[in-house]
Structures are given as structure tokens and as C-alpha cells.
Amino acid sequence: STERFNEDYYMIMAMGPNNLENNQHIPKEVTFVVDKSGSMNGHNIEYAKISVIQALSNLNANDSFNIIAFSDDLKAYNYRPVPANADNIELATDFVKKIKSDGGTEALPALEWAMKEEHDTDKIKMIIFLTDGAVGYESDVFQLIDENNTNDARIFPICIGYAPNSYLLQKIANMTRGSYTYIKNHGEITKQLTELFNKIENPVLSNITVNFDQDSDYYPNPIKDLYFNE
């Protein structure tokens, strides 16, 4: 309590279980939105593809997924998320391997597709947004999320490269209960993406709310999900 402002402050901490039983895992629906614009050419796109393929192989049997690659057009693996079984993962791996980088960076149609695609309400919706950060038009992106994120998707922007719009990507994460990852060095791409994907692989508590009185402020708002071993 501070005498100056006569306010009280509290911290609440929640810790996930050390051992995860099958019935503690919340199924998830993961859509990978991958920037394939010309500025991603070279190491960026190749490391991004390797990381997505690895993330696909780590999905749980009751998860589902989709992949959307964008530049100034977009290509979707499927029109909706599909079960994370061996056949679909093998086909999706081939899809990812064939992604080539060219064209401009028009992320809005791809993000809109990911937010509006068919959704299983029994699963947490996650969007992994991989880009080199050359994304502008902040107000358009925020409006897009406000108007189209009806499936309550958690968006995880991941920036690879040296010219990120960090403000935009961090704000997207905060708005949607995701997290922002900035990867400056090419050699760190697979390591940092593996760490992120391992973290969000197993959500154990979602849609967390705390019943404060009306005069209370809290941060983060909205409260993020809790993941295994976090």
C-alpha cells in the first residue's frame, strides 16, 4: 500500500503442473501464417520452413492445423484446419517444402483468412504469424483483429530479420493473448522457434479471468493462457 496514493497492489501467480496427464491437455487448432515475400528470400524462408515442419511433427493427436503462405497473394494448405494425423502432416510437410519466396508483403488477407476459417469451438485457436516484420498499416491491422477475431484466436507474431515493426507485432500479441518473438540472428531462428513451439504446445488453462471490483486495474489485460511447465 502506498500512502501517497492510498492504493493497494497485488501480484497473483499461477504455475502449471510439472507432469502433464493426457486429460490435462487442452486441444488446439494451429494455423501457421508464413510470409513468403521476396524480402524473406534466403536463410529466413528456409529456417522458417524447417521450424514449421518441426512444429507440425510435435502436434498432439487431438490437435488440428492449417498453413497459409502469403506475399501479394496467398496459398492455403486447406480451406479449413485438418486433424494432426500422420497423413495430413506428411502432405503438409510437402506443401511447406515447396514454398518459394517472391512478391510483396500483404499480410491482411492471410490474417483475415486465418481468423475467419472454420473453427472447432472445443479447441483453442492459435495463429503463428511468421514474417520479416515489414508490415505497416497499423490501424488497418488493429481494425481487422477487432472486427474478425470472432474465434478468439491467440496470435503469436514472430519476426525474423532486421526491420521489424515491433510496435505493431507486440500490440497484436497483447490484444489476443499471444506473445511476440523477435529473432535478430539467422542462426537463432530454429532454436528460438523450437522454444516457442515447445512452450505453447500444451495449454493447460485458458480464458483466465479474475473477478476484481469495478475500480481495479490489472495487467496483463487480457490475461494470457497458462502453458505446461510455465
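Which side chain does a polar contact of 2.9 Å join to that of Glu-147? The partner is the side chain of Gln-143, where a polar contact is a pair of N or O atoms within 3.5 Å; within protein, one must be able to donate a hydrogen and the other to accept it, and residues adjacent in sequence count only if both atoms are side-chain atoms.

Good morning, colleagues. What I present is a predicted model, in which local features need pLDDT of at least 70 and side-chain atom pairs count only at pLDDT 80 or more, while totals for chains, interfaces and linings use all residues. Residues are numbered from 1 along each chain as its sequence is written, and side-chain values use heavy atoms, with hydrogens and water left out.

Let me begin with the overall architecture. The secondary structure of the protein comprises six helices and nine strands; these are DSSP runs numbered from the N terminus, helices being H or I with at least four residues and strands being E with at least two. The radius of gyration is 18 Å, close to the 17 Å that the globule rule gives for 230 residues, so the protein is as compact as a globular protein of that length. Here the radius is taken over C-alpha atoms, and the globule rule is 2.2 Å times the number of residues to the power 0.38. Taken along the principal axes, the C-alpha atoms fill a box of roughly 60 × 40 × 35 Å.

Of the 230 residues, 45% count as buried. Buried means under 20% relative accessible area, exposed over 50%, and partly exposed in between, with a 1.4 Å probe and protein chains only. The accessible surface comes to about 12,400 Å², of which 47% belongs to carbon and sulfur atoms; the areas come from the Shrake-Rupley method with a 1.4 Å probe, and for residues only the protein chains shown count as cover.

As for contacts, meaning heavy atoms within 4.5 Å, consider those in the protein with a separation of 6 or more: residues 24 or more positions apart account for 74% of them.

I turn now to two residues in strands. Lys-28 lies in strand β1, residues 28-35, and counts as buried because its relative accessibility is 3%. Where does the side chain of Lys-28 reach at 2.6 Å? That side chain reaches the backbone oxygen of Glu-201. Not counting residues up to four places away in sequence, Lys-28 touches several residues, among them Leu-59, Asp-63, Lys-123, Ile-200 and Pro-203.

Leu-130 belongs to strand β5, residues 124-131. Its relative accessibility is 0%, so Leu-130 counts as buried. With neighbours within four places in sequence set aside, the contacts of Leu-130 include Val-33, Ala-48, Phe-70, Ile-158 and Leu-193.

Next, the backbone geometry in the loops. Which residue does a cis peptide bond join to Tyr-219? The residue is Pro-220, and omega is about 0°. A cis bond also runs from Asn-221 to Pro-222, with omega near 5°. Pro-220 lies in the loop between β8 (203-205) and β9 (226-227), and Pro-222 lies in the loop between β8 and β9 as well.

Asn-207, too, is in the loop between β8 and β9. Its phi is near 55°, a positive value in a residue other than glycine. Asn-207 is partly exposed because its relative accessible area is 44%.

Arg-177 is not a glycine either, yet has a positive phi of about 70°. It sits in the loop between α5 (166-176) and β7 (181-183). Is Arg-177 buried or exposed? At 13% relative accessibility, Arg-177 counts as buried.

Finally, two exposed positions. Ala-61 occupies the loop between α1 (43-57) and β2 (64-70), and at 74% relative accessibility it counts as exposed. The C-alpha atoms of Ala-61 and Ala-86, 25 residues apart along the chain, are separated by 9.0 Å.

This brings me back to Glu-147, which lies in helix α4, residues 138-148. Glu-147 counts as exposed because its relative accessibility is 52%. Between the C-alpha atoms of Glu-147 and Gln-214, 67 residues apart along the chain, the separation is 26 Å.
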